[in-house]
Every structure is written in structure tokens, then in C-alpha cells.
Amino acid sequence: MDVAGPAARLASANALRNPRRTAATSTALLIGVTLVSMMTTGAASARLTMDHQLDSRFPVDLQVSSVAPTAGGALAAVPAPVAGALADVDGLGPAVEVTAVSLRQAGGGRRVPVAAVAPEALRTVLNTPADAARMRPGALVVPERAATSYGLAGADRVTLTGPGGTVTLDVVHTDTLSSRTYLLPRDLAALAPGLAPNELWAAVDDARDPAAVVAAAQRAVSGTSEAVSVAGIVVERASYQQMIDVILAIVVGLLAVAVVIALIGVANTLSLSVVERTRENAVLRAIGLSKGQLRATLAIEGMVIAGVGAVLGIVLGLVYGWAGATTALSALGEVPLVVPWAEVGVVAVVALLAGLVASVAPARAATRTHPVTALAAR
């Protein structure tokens with residue numbers, strides 16, 4: 001006799017015998033799974049949106065700046081020992097030389113802080129690579145936040161003045177939120193010739209602890225006895241990400257308790273079914289249903305109850321989680337729907353396994369009773 005076929009058909013029929021009780025049990029699990037799925041989906045969508053915002057506001061992981069001014073008012077070059085010290089820091093990528101200076105717009109306009117760096121070097125350290133991809137000769141890349149701050153919103157061209165003269169540049173807008181504008185070193189040389197790189201930018205390895213890498217960089221730089229400033233912006237970005245993870249872990253841990261309680265209800269439902277079907281199970285045993293098939297029937301019934309609640313809960317959780325993240329973070333921009341496949345898969349598997357485990361005790365009670373004794377029961 002085929003084990004899976006009869007067991008599956010009996011389980012499906014038994015699950016529908018008392019639809020009100022089965023629905024109540026499945027609903028309890030559905031609520032718990034919905035809440036867990038909602039939180040994981042909302043957190044995944046929020047994390048992606050927050051990562052975009054943090055990368056835009058903090059485009060560089062580590063920034064080392066000279067603090068010594070030159071006679072012209074710009075900062076002096078970063079001392080060579082500093083670059084050598086950074087090269088020895090484990091977990092820190094190659095440092096990129098940047099020339100940063102503030103230039104005034106022609107006609108008495110606002111000052112614009114610009115960063116001159118080669119695009120190919122900028123791509124290796126920038127968290128918003130779209131800014132580097134749009135750099136070209138004769139253009140000033142202006143992120144959204146910088147355009148608003150410096151009066152360049154909607155502008156197609158801008159004229160900047162410096163010690164070397166006046167240059168008109170095309171304005172290339174990006175949707176990032178950096179406060180820095182970017183141009184090629186050759187364009188800066190026409191405005192302020194002779195300036196040496198006065199900043200070093202570097203990326204921190206994603207697999208390393210940002211705080212530890214930044215601390216190591218600060219120790220390495222301090223050992224050179226040079227006057228420079230070290231800004232480990234990656235630490236602040238990592239702290240925001242860790243905050244989201246901690247909140248999610250606490251909430252999911254609390255909601256897991258609700259799921260456990262709901263699964264106890266599955267075990268109770270199966271136990272009541274065994275009691276109500278004592279004589280029926282005895283008849284099935286008498287006509288050839290084996291103990292293994294009876295166990296399989298109850299196991300499939302428990303997995304069906306848990307699986308239906310889990311699937312519906314996951315679908316509802318995805319919708320509610322995305323809607324909640326969109327409502328909470330709509331001010332930051334578009335919030336994409338991010339499906340946390342790993343977490344969703346874990347929830348589904350755990351629900352099915354829990355339904356299977358919940359059937360063990362009722363199945364043991366059902367198979368322990370001898371068919372003759374069960375037939376005599378009233």
C-alpha cells in the first residue's frame with residue numbers, strides 16, 4: 001500500500017472535518033507568522049532605504065585631511081608619512097588623493113566646496129559610484145543636497161572664480177545627498193593652479209569591524225606626529241545599521257513566543273482529533289492501515305494546518321511590512337519592496353517542522369491504543 005497517498009488523502013479530509021476549530025488554530029499561527037514576516041520585510045526595506053541615504057550622506061568611509069593652511073588660504077598637502085601609515089592598516093583600502101578647496105561663484109554668488117579627483121580613483125572609495133560615473137571634462141558634478149545648499153538647483157552651468165582665473169562648467173546633477181561637488185583635476189588647475197592633494201579618502205573592508213579599522217588608522221596616523229584630521233564616517237553609518245538590526249532582533253524574538261504559543265494550539269487540535277476519531281482509527285487499523293501510515297496521516301494534518309497559516313501569514317506580512325516601511329520612510333524617498341527570502345524560507349520551514357513535531361504526541365497516543373480496545377471504547 002502506498003504510504004503517502006492514503007495518508008495525504010486522510011489528512012486532508014480530517015483537517016476539514018471541524019473547519020471552525022482548524023481555522024481558529026491556523027489563524028493563531030497566521031497572526032504570529034504575519035507579525036514576524038511583517039517585521040523582517042519592513043526591516044529589509046527600511047535597511048535598503050537607510051543604506052542608500054547613509055551612503056549618500058556619508059559617501060566616504062575614512063577621510064584624512066590636512067589642518068595646516070597655506071599662504072593662499074587653502075589647506076597644505078597631506079604629509080607623505082601619513083599616506084605610508086595608512087597603507088599599513090589592515091582592513092583599509094588604498095588611499096586616494098583628493099584636492100579639496102572652496103571656490104566662489106562669479107558675480108558674488110555662494111562659495112562651493114569642490115573636490116578634484118580622478119574618476120577611476122574616486123570609484124574605488126565612493127559609496128555613491130553614480131557621482132564618479134558622471135564626471136567628465138568641463139563639468140561639475142553636483143549632488144542634490146549640494147545643489148540646494150549652494151544655489152545650483154536647476155542650474156545648467158556655473159561660473160567659478162579662483163586664484164588662477166574664471167571657468168564656466170556644465171552642471172551635472174545627481175540624486176545623492178553628498179554636500180561635496182566633484183570635478184576633474186585639470187579643471188581645478190585652471191581655477192587654482194599649484195594646489196597639492198590635501199585629503200586622503202579610503203574605503204573600509206565590509207567584512208571588518210569599522211570601529212576597529214578606524215581606530216587602527218587613527219593610531220597609525222598619530223604615530224607619524226603629523227597634524228592631520230581623521231574622520232571615520234563609516235563608524236556612524238555602521239551604528240545606524242546596527243540600531244536597525246538590534247531593534248529587529250528584539251521584536252522578532254518577542255514575536256517568536258507568539259508563534260510557539262500558536263503551535264501548541266496545533267498539538268491540542270490534533271490531540272482532540274485523535275480522541276474524537278478513536279473508533280475510526282481502530283477501523284482503519286483493522287482494515288490494514290499501518291502504524292506508520294497513521295503517524296503519517298497526523299503528521300501531514302499538522303503540517304497542513306501549520307503550512308496554510310504560514311503561507312498566508314508570509315503573504316500578508318510582506319504586504320504589511322512594505323506598506324509600513326513606505327509610510328514611515330516616505331519622506332526619505334521611494335521605499336522598494338525587499339523580500340527577505342532567507343528569513344521567509346526559515347519561517348516557512350520552521351512552521352512546517354513545528355507542525356510535524358506537534359503531531360508526535362497525538363500520533364503516539366493514537367498508535368499506542370490496540371484496535372480491539374479502541375473499537376470497544378464508547
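This is a predicted model: local features need pLDDT of at least 70, side-chain atom pairs count only at pLDDT 80 or more; totals for chains, interfaces and linings use all residues.
Me: How many bridges pair β4 with β6?
Reply: Strand β6 covers residues 165-174. β4 pairs with β6 in the parallel sense, and the number of bridges is 5.

Me: Do β5 and β6 run parallel or antiparallel, and how many bridges join them?
Reply: A hairpin through 2 residues joins β5 to β6. Within this pair, Thr-161 stands opposite Thr-166 in β6. The two strands run antiparallel, and the bridges that join them number 6.

Me: Which residue in β5 stands opposite Gln-105?
Reply: Strand β2, residues 96-105, is joined to strand β5, residues 157-162, by 2 bridges. These two strands run antiparallel. In β5, the residue opposite Gln-105 is Leu-160.

Me: At what angle do the axes of α2 and α11 cross?
Reply: Two packed helices are described by the distance between their axes and by the angle between them. Helix α2 covers residues 19-57 and helix α11 covers residues 291-329. Their axes come within 5 Å, and the crossing angle is roughly 35°.

Me: Is the crossing of α2 and α11 left-handed or right-handed, and how many residues of their contact are charged?
Reply: The handedness of the α2 and α11 crossing is right-handed. The residues of this contact divide into 17 nonpolar and 13 polar, and the number charged is none.

Me: Why is the protein described as more spread out than a compact globule?
Reply: The protein has 14 helices and 9 strands. For 378 residues the globule rule gives 21 Å, and the radius of gyration is well over that, so the protein is more spread out than a compact globule. Along the principal axes, its C-alpha atoms fill a box of roughly 105 × 45 × 35 Å. The radius of gyration is 32 Å.

Me: What share of the contacts with a separation of 6 or more lies between residues 24 or more positions apart?
Reply: A contact means heavy atoms within 4.5 Å. Among contacts in the protein with a separation of 6 or more, the share from residues 24 or more positions apart is 81%.

Notes
Residues are numbered from 1 along each chain as its sequence is written. Side-chain values use heavy atoms; hydrogens and water are left out. Two strands pair if DSSP finds at least two bridges between them. Helices (H or I, at least four residues) and strands (E, at least two) are DSSP runs, numbered from the N terminus. Axes are lines fitted to C-alpha atoms, for helices over the stretch in contact, and angles run from 0 to 180 degrees between N-to-C directions. A crossing is left-handed if the near helix is turned anticlockwise from the far one by less than a right angle, and right-handed if clockwise. Ala, Val, Leu, Ile, Met, Phe, Trp, Tyr, Cys and Pro count as nonpolar, Asp, Glu, Lys and Arg as charged, and the others, Gly among them, as polar. The radius of gyration is taken over C-alpha atoms; the globule rule is 2.2 Å times the number of residues to the power 0.38.
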